[in-house]
Amino acid sequence: MLLTTPITFVGGKGGVGKTTLAAARALALADAGLRVLVLSTDPAHSLGDALEVPLSDEPVEVAPRLWACEPDADAAVRRRIAQVSEDARRAVPTEVMPAVHRHLEQAGSSPGMAESALADLLIDRMEEVGDRWDALVVDSAPTGHLLRLLHLPTLLTPWVTGLTRQRERANRAEAFADVVGRADQEEDDDPLLRRLHARRHRLERASARLREDAVVALVTLPRRMVLAETERAVDQLAEAGFSLDRVVVNQIPPEGAAGPDTAAALAATRERFAAQGTVEVPLQDTEPTGVERLRSLAVHLAARSPA
């Protein structure tokens, strides 16, 4: 599992141990001498519980060369609404502002707003990789959320491009009406247009970096239902052009232990991902939380795939 790719998303179905393994991977990279940030994009944060350290929006050092944070999507939504409100204040007549505020208030509680804000926070951290951090490890929300998150920069780019064109057309119309020919000065004179151009470039950079510098490590369990979801996720990610790491099969009980179809599911998982490779992590005797127990768990992530 431990590749040299600077950005890693650890994803999978809920309850498979993504957070624990993301923390263990990040710790292993830090122990290898890299400056590492591990962050959670799961709205139900549990990264701090795995590390046994209280976390907040800002990264804190939790072990030598390892920082961690749990981004606050709600606070990001509030900041974004304040920014849009300020842009609107400069762009529309004063009498229109009450309607703008009502619209923004409704938009702030609409589905997808927190997810979009979380993507913005993630892009902020991605842009720090190579400067502030050598590696970024993302503890992702369950599979569906991860897929939407990875696709968001690509999906949002045309939308921002459309807004930019509308704004440019509006500026040209104003210039024509004033007969002053301001077309070559419109971007310098328009902070909103500058912000839209900057946002489009930022989304394009993020979309390219997700495909060039990032890898997705999916975690699964030796269970047929979990295998089925992992298969679908692998197919969708590969089709979208994302790089995939070896699949991590977590919580494998000792051979011969009582339970459902563990052996059959494990064999099916090995066969399904034979070309991609698997990493197998045994079921732990104690809950793997805290730096020292996570460090013991990380040993399994560097192991080779079984023959």
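Reader: Which elements each supply at least two residues of the lining of the second largest pocket?
Author: In this predicted model, they are α1 (18–31), α2 (47–51) and β8 (247–252); helices (H or I, at least four residues) and strands (E, at least two) are DSSP runs, numbered from the N terminus. A pocket is an open set of points on a 1 Å grid over the protein atoms alone, where a 1.4 Å probe fits, with protein on both sides within 12 Å along at least five of seven lines, and lining residues have an atom within 4 Å of a point.

Reader: Which of them gives the most?
Author: α1 does, with three residues.

Reader: Which lining residues lie nearest the centre of the second largest pocket?
Author: Of its 21 lining residues, those are Gly-17, Thr-20, Gln-251, Glu-287 and Pro-288.

Reader: Turning to β1, is it mostly covered or exposed?
Author: Strand β1 (residues 7–12) is mostly covered, with six of its six residues buried, meaning under 20% relative accessible area (1.4 Å probe, protein chains only).

Reader: Which residue in β5 is the bridge partner of Thr-8?
Author: That is Val-137. β1 and β5 (residues 135–139) run parallel and are joined by four bridges; strands pair if DSSP finds at least two bridges between them.

Reader: And what stands opposite Phe-9 in β6?
Author: Val-216 does, and six bridges join β1 to the parallel strand β6 (residues 214–220).

Reader: How should I read the numbering and the values?
Author: Residues are numbered from 1 along each chain as its sequence is written, and side-chain values use heavy atoms, leaving out hydrogens and water. As the model is predicted, local features need pLDDT of at least 70 and side-chain atom pairs count only at pLDDT 80 or more, while totals for chains, interfaces and linings use all residues.

Technical notes:
Buried means under 20% relative accessible area, exposed over 50%, partly exposed in between (1.4 Å probe, protein chains only).
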